[in-house]
Amino acid sequence: MNYRYNFNDEKNDNKKRIIFVVLFFIFMVMFVAFFFRNSSNVIINKVSTIISKPISFIYDICTGTSLKISKALEDPESVLAENERLKSENEELKLRDLESKRILDENVSLKNMLGISKEYQHFNIKLGNVIFREHDNWTKTFTINLGSRDGIKLNQAVVHKDGLVGYISAVNTDTSIVTTILDPTSSVSVIVSTINEPAILKGDLEQKSDNKLKLTYIPLDTDISVSDILYTSGLGSMYPSSIPVGKIVEVVNKKNDVNRYAIVEPNVDIRQILEVGVIVD
């Protein structure tokens, strides 16, 4: 048998030994530095911290992973209990949010009612809330939480802090129905701010969906223009005088035209109001 010594194999073995020794030495240095990184000696502490960073990084990863694994393997009953606790906290936060919203809405409502009382302080007025609107009839009528036991009667004027809303068209013991000025059957005698002659403001089928009214029976020899303000004239027994009603936003046809009319935007956005006052005296 022929045996031939291979010098390349010996070189490779030597390289492997050298690499192993170097790696072992580096590892031992890092390992020792890891345990001395909290040394009270400033120099040793700094050198150890720098050298041991790779091991610290690996240590942190392993520690975090083991914590996650141990948490995942916790008692199922504890996990369920924690879930229930979190659900309970979530429900409590929702209730607090609803309560905060309720308090905020109440504050806004009280502020609006205070505004109504201040605006009509020279009248005997009852304050109430809108409690019902018919889906297909929301611009014409709505129900309020005031009735006969509150002194409410038919044909009493209903107002908001910004102006006229309508009148009481039906009365029950605890509730009443308000017919608004947007109703096509409604009409209000008004005076234009620039003249001292009355005209008639009516609800109109074509205009009510846009929250608008129609001013008719305008005296032939009077000048009216956009932005003129309308107030109740006080004629008739339903509406007291000087309640703001709306402003002219468009004039159709010209002066001295018997067919002349104007489009009026009411002061009150009847679609949005939630608080009203009823003038009982």
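**Group meeting talk: rings, a hairpin and a barrel**

Buried means under 20% relative accessible area, exposed means over 50%, and partly exposed is in between (1.4 Å probe, protein chains only).

A word on the source. This is a predicted model: local features need pLDDT of at least 70, side-chain atom pairs count only at pLDDT 80 or more, and totals for chains, interfaces and linings use all residues. Residues are numbered from 1 along each chain as its sequence is written, and side-chain values use heavy atoms, with hydrogens and water left out.

Back to the rings. Rings of Phe, Tyr and Trp (its six-membered ring) pair if their centres lie within 6.5 Å; planes under 30 degrees apart are stacked, over 60 edge-to-face, and the rest tilted. By that rule there is one aromatic pair. Tyr 120 and Phe 123 have ring centres 6.4 Å apart and planes at 40°, so this pair is tilted.

Next, charges over rings. The rule: NZ of Lys or CZ of Arg is within 6 Å of the ring centre and within 35 degrees of the ring normal. Arg 133 lies over the face of Phe 142, 5.2 Å from the ring centre. Lys 214 has its charged end over the ring of Tyr 261, 4.4 Å from the centre.

Now the overall fold. The protein chain has four helices and 12 strands. These are DSSP runs numbered from the N terminus: helices are H or I, at least four residues, and strands are E, at least two. Two strands pair if DSSP finds at least two bridges between them.

Which strands make the closed barrel? Six strands do, in the order 1-2-5-4-3-12, with antiparallel pairing. Strand 1 (residues 125-132) pairs with strand 12 (residues 275-279) over five bridges, antiparallel. There, Leu 127 stands opposite Gly 277.

Now look at strand 7. Strand 6 (residues 187-192) is joined to strand 7 by a hairpin through five residues. The two run antiparallel, with five bridges. Ser 189 stands opposite Ile 200 in strand 7. On the next pairing, strand 7 meets strand 8 (residues 213-216) over three bridges, also antiparallel. Leu 201 stands opposite Leu 215 in strand 8.

What are the two faces of strand 7? Ala 199 and Leu 201 form the covered face; Pro 198, Ile 200 and Lys 202 form the uncovered one. In a regular strand, side chains alternate between the two faces of the sheet.
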